[in-house]
Amino acid sequence: MTRETMGMKLFGMAMALALTSNMALAEPIPTPKQILGHDMGEDRYVASYSETLRYWQALAARSDRIRLIDIGPTVEKRRQMMAVVSSPENLALLDKYRDISARLGRAEGLDDAQARALAAEGKAVVWVDGGIHASEVLTHAAIIAEVHDLVGSEDREAQRIRNDVITLFVADNPDGQELVANWYMRFADPAQREENFHSLPKLYHPYIGHDNNRDFYMAEMPETQNITRVLFKEWRPQIVLNQHQTGPAGTVVFIPPFRNPFNFNYNPLVIASLEEVGAAIQSRLLSEDKRGATSRNGAHYDTWYNGNLRTSSYFHNAIGILTETIGMPVPIEIQLVPERQLPGNDQPAPIPPQMWRMGQSLEYSLSINRAVLSHAANNREKLLYNFYRMGAANIEKGSRDSWTVSPRRIAEMHAASAATGAKPEPTRTRGSSAIDARFYDAVLKNPANRDARAYVIAPDQRDYPTSIRFLNALIKLGVEVERATAPFTANGKRFPSGSYVVRTAQAYRPHVIDMFEPQDYPNNFEYPGGPPIPPADASGYTLAYQMGVTFERVLDALDAKTVSTRGELRPDAGRIIGSGRAGFLIGHGANDVITLTNRLHKAGQPLFWLSEPRRVAGGPAERGALWVPASPQAEAIVRASVAELGLVAEAVNREPGEAKAAIPAPRVAIVDVYGGLIPTGWMRWIFEKFELPYTIVYPQQLDAGGLRDAFDVIILPEAAFDKEAAEDTGGMFRGRFTIRQPDPSRIPAEYRGWLGSISADRSVPALKAFAETGGTLIGMGESAEALVRALALPVENPLAVIKDGKAIPLPRTLFYVPGAILSGRVDATSPVGYGLPQQLDVFYDNSPVFRLTDSARGGTTPLRFEGKQLLRSGWGWGQENLDGAAAVVDLPQGDGRVLLIGPDITLRAQSHGAFKLLFNAIYEPR
């Protein structure tokens with residue numbers, strides 16, 4: 001080929017590339033209105049997921065600046081799509097840039113020079129989402145308008161963004177978005193459409209509604225799994241823009257940075273980078289005269305909790321951006337909050353009260369999106385390199401002795417100094433004082449206080465299958481888990497081959513630490529002696545504690561031969577010990593014994609609990625062992641289930657001589673209400689996972705009576721009673737939004753039977769009759785408290801003082817436990833406590849507790865709080881007030897029983913360690 005020919009070929013390639021790059025100019029892309037018939041932000045219009053997808057598909061058919069990628073199924077089997085927007089040149093090399101981002105995020109096998117070279121070569125990756133809370137409809141419009149803007153705009157900023165950034169747009173909750181939009185738009189006449197979404201008939205996530213943004217360290221829901229796979233395994237974006245609605249009163253939008261407290265586990269560069277992006281957003285809004293953005297103490301949002309979409313990013317070295325913007329499909333009023341009119345660091349440009357349209361909020365969303373993406377484009381190399389630096393620093397920190405400073409350690413330093421008689425020296429910084437520097441090494445660098453270098457989970461767990469579920473929660477969030485291929489020693493103990501090892505020398509070390517170690521939440525009050533400042537969510541949530549996993553915390557370098565696991569784990573195949581032909585014994589320690597129980601019930605097979613201690617398959621002598629008499633069908637079910645579930649069974653030659661109680665198949669009802677209860681949704685999810693059949697019942701069915709003919713067990717989850725009947729004990733989130741009872745004529749007939757509420761005059765007599773005629777009535781959380789009053793049960797509130805003859809709850813200045821993990825003592829002689837350890841960690845959120853009165857007859861307390869130091873993780877102000885209080889009460893009621901469970905042990909499907917309290921209550925022989 002001649003030089004001239006080569007030149008002509010290169011010129012032709014360049015022209016073709018230029019034509020490709022400018023295809024959108026030659027053939028303008030359609031606007032949302034051209035495809036969907038509506039402008040985004042239009043009054044009384046809400047975009048569905050189908051419309052979002054239809055518009056993205058229309059763009060993808062006309063532009064090479066967008067590519068659609070299927071990231072997985074939803075609960076209702078829709079396909080969750082991701083719109084990837086960048087330049088055509090970048091999209092042609094998408095796998096390359098994804099791999100660069102992922103490699104820098106893993107930070108393994110790279111030195112500094114290699115990381116800098118990759119950062120120079122790579123493209124910044126930014127995640128932008130909307131609609132995780134499906135009633136926040138501004139965000140539905142935003143991700144349509146933002147994609148249109150980024151694909152179609154030809155200004156220099158848009159070109160720079162497309163050249164240097166790969167943007168991942170995702171609708172977080174397709175099923176909920178479809179429900180909300182279709183419900184709102186069901187009236188053809190816009191004037192008939194509602195001002196808000198207070199009449200939705202059910203949860204806007206099919207199982208868990210608002211809590212789908214609380215699922216991000218457990219990743220139970222399919223949509224969460226799709227998202228975390230993109231965020232923390234495949235793409236690993238450096239910035240995560242999580243768009244919400246609505247903003248704080250008197251403002252337009254909340255933007256970062258956030259208020260304290262700061263979680264002590266993640267890399268501080270996360271917060272420094274977050275401050276930079278927050279400043280870029282605020283300055284962009286101000287430059288466009290968009291007033292009314294607030295941050296820090298302008299709202300309650302913080303960076304402590306790990307379970308939200310954007311907060312989980314911090315523990316994975318990414319910059320999580322939360323926006324909360326006002327706006328509804330109809331114009332609303334920006335309220336006058338006088339304090340908001342004073343400029344300050346948290347809100348430099350107040351906005352006057354005025355009427356406000358959603359289209360105005362959409363303009364703010366577009367500006368914020370541009371600000372974030374422009375920051376990413378301008379700081380591409382820095383973002384990519386810092387992403388690596390944080391991961392590398394975490395690996396290095398996990399490879400040596402390291403210490404985490406927390407409020408507990410600060411208090412220990414002051415105490416150590418005071419013990420010497422030294423007086424602290426006041427400083428010019430309010431609320432601080434100086435002490436001798438020797439206490440830094442003596443306390444903060446105390447070898448006993450070192451962070452773990454690894455955690456070992458041995459197979460000899462009380463509930464081995466649940467430990468596998470815990471490890472899978474880590475794996476779904478991108479954590480590396482290893483398995484020993486030979487026995488090894490750690491902390492002077494011998495561990496068998498097959499033990500699991502989670503090292504902290506990995507890029508996602510902050511997440512590892514956060515899942516194994518207790519959260520040390522600082523005392524946080526408005527002023528000394530004043531009321532507590534509530535956390536944004538849970539103050540303590542250590543997942544290993546909630547799931548009852550036993551682990552060894554290894555402080556020194558661990559010498560063990562291991563292999564990395566690949567993908568999610570399954571329990572090792574269970575086994576049957578012995579060859580007896582009379583039947584099978586299975587210990588009660590594993591939750592999946594309930595799965596086996598349900599399979600046997602489904603097949604009509606008889607089974608029993610042993611009420612006396614029995615050692616099964618070499619395990620501890622405990623009550624509650626399952627006895628399954630032999631039959632061909634029972635044997636087939638036991639053998640298949642034991643192998644699949646990882647259980648151990650013992651085949652014996654003779655029927656046990658211990659006392660036995662038959663376990664009938666219970667007919668279980670779970671109460672729900674119009675609009676949906678999040679606790680009911682979580683319970684549905686748990687029951688389905690453990691194959692426990694149930695029926696959903698609504699107040700009208702309760703009111704009709706005759707419940708004993710249909711059910712053996714009725715469960716009233718947290719928040720089942722309306723606020724008039726239930727006492728608000730101050731929990732962070734009770735799982736029920738204000739849903740108005742709509743005019744039946746304005747809703748489809750299929751939902752009219754769901755209307756109504758649990759009432760004192762109709763529902764309570766029916767529930768009382770159900771229990772007195774042999775049923776089991778289970779109340780949880782506030783519903784348990786409401787049952788005490790409704791049924792006049794012989795139970796008192798131990799967290800109350802008597803004043804003027806009335807029981808007054810302790811004020812928050814004396815008692816406040818906002819979403820923390822406490823240790824309780826189990827009564828192993830109670831069937832409700834079968835299979836549980838003597839000390840049980842439970843998630844407690846200012847939950848009801850109980851004390852049996854002198855008039856109580858036959859009542860038991862399967863779970864109690866004993867002692868002054870109950871806190872395992874989180875914040876427990878005044879925890880000593882719980883000493884002697886019952887967390888669970890089992891009371892006779894006529895021929896049946898009422899079970900009161902104070903802590904919400906099914907909250908977010910996380911407290912696997914305590915599930916058995918509910919399972920046992922359901923199956924306890926009647």
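We're working with a predicted model, where local features need pLDDT of at least 70, side-chain atom pairs count only at pLDDT 80 or more, and totals for chains, interfaces and linings use all residues. Residues are numbered from 1 along each chain as its sequence is written, and side-chain values use heavy atoms, leaving out hydrogens and water.

**Exercise 1.** Work out how the axes of helices α23 and α28 cross, and which residues make the contact.

*Solution.* 
- Step 1: α23 spans residues 678-689 and α28 spans 915-923.
- Step 2: Take the axes, lines fitted to C-alpha atoms (for helices over the stretch in contact), with angles from 0 to 180 degrees between N-to-C directions. They come within 13 Å and cross at roughly 75 degrees.
- Step 3: The two helices are therefore roughly perpendicular (that label covers 65 to 115 degrees).
- Step 4: List the contact (heavy atoms within 4.5 Å): Met 683, Ile 686 and Phe 687 from α23 meet Phe 915, Leu 918, Phe 919 and Ile 922 from α28.

**Exercise 2.** Give the strand order of the five-stranded open sheet and name its edge strands.

*Solution.* 
- Step 1: Pair strands wherever DSSP finds at least two bridges. The order comes out as β19-β14-β18-β15-β20, with antiparallel pairing.
- Step 2: β19 (552-554) and β20 (562-564) pair on one side only, making them the edges.

Definitions and conventions. Helix = DSSP H or I, 4+ residues; strand = E, 2+ residues; numbered from the N terminus. Parallel < 35°, antiparallel > 145°, perpendicular 65-115°, else oblique.
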